[in-house]
Amino acid sequence: MKYLKYILILPCLFSMASCSLFGLDYTEDHDYESRVRPNDIHMNVWDFIHSREDIFSTLIEGIEYAGLTEADYNAPGNTYFLLTNNALSDWESNGNCYWSRNKIKTVYEGQEMMIRAVAWNQYPKEQVKEMLLYHTLKGEWSYHNISTDTKWYETMGNGKYTYTDNNGNTVEGDTAKISMVVRMVREAPIQLNNWSWNYRGVLSETTGSIRSSNLKATNGYIHVLDYYLERPTRAFLEEN
């Protein structure tokens, strides 16, 4: 009989514990705080960039060199892809950074050679300006309204540009669009320009392009990138 009594008591104890274990008592807890991390940073994009000079120092130098101003990053209603040092100049961490992939011509001991850049002033200002403007989207785009189907979005780049690079070549661009898609996976990564011509290749279903996403500034959304984005050609857009 003693053992039978314990057997009868155990279900009662488990039933009492389950109320707490499975959260049935949370409805009476008026002090419950959400564990969802807020995404509002309570500052504008310009101030956010300068609050993290440890990762945006090359971006800041590029903005100044290209002649862009605070007004370009405080315009309301846009989406800003902010490029880290890793994306732009940190070749030791990222062999595909901008300075590494976009080499410049120099002469060493009478021989012409292509080398990695070490400063923005080794590039034409028009090139740097257009590259930075291409990383600003028109409109506010976040997880809330980016489609789960790949779509093309307009940027602040002028779409058509011509300049002569330091190699003497005439460079012509004809588009200023970025493709975006949110993948339906737990991490919900936003993928950008996810096409075969991308120097990163086609990204897998669970691989995102973005280091930190969905940051809500007072004048738009911020997504922080460790990789800069190459643009498609008009011919490619017409085919797709």
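The model is predicted, with local features needing pLDDT of at least 70 and side-chain atom pairs pLDDT 80 or more, while totals for chains, interfaces and linings use all residues. Residues are numbered from 1 along each chain as its sequence is written, and side-chain values use heavy atoms, without hydrogens and water.

Helix 3 covers residues 53-66 and bends by about 30° at Leu59, the bend being the angle between axes fitted to the seven residues ending there and the seven starting there. After helix 3 comes Gly67, with a positive phi near 85°.

Helix 3 packs against helix 7 (residues 125-134) at an angle of about 125°, the axes being 9 Å apart. From helix 3, Leu59, Gly62, Ile63, Tyr65 and Ala66 meet Lys125, Val128, Lys129 and Leu132 of helix 7, where contact means heavy atoms within 4.5 Å. Six residues of this contact are nonpolar, one is polar and two are charged.

The chain as a whole has eight helices and eleven strands, taken as DSSP runs (H or I, at least four residues, for helices; E, at least two, for strands). Of its 240 residues, 42% are buried. Among contacts with a separation of 6 or more, 61% join residues 24 or more positions apart.

Conventions. Axes are lines fitted to C-alpha atoms, for helices over the stretch in contact, and angles run from 0 to 180 degrees between N-to-C directions. Ala, Val, Leu, Ile, Met, Phe, Trp, Tyr, Cys and Pro count as nonpolar, Asp, Glu, Lys and Arg as charged, and the others, Gly among them, as polar. Buried means under 20% relative accessible area, exposed over 50%, partly exposed in between (1.4 Å probe, protein chains only).
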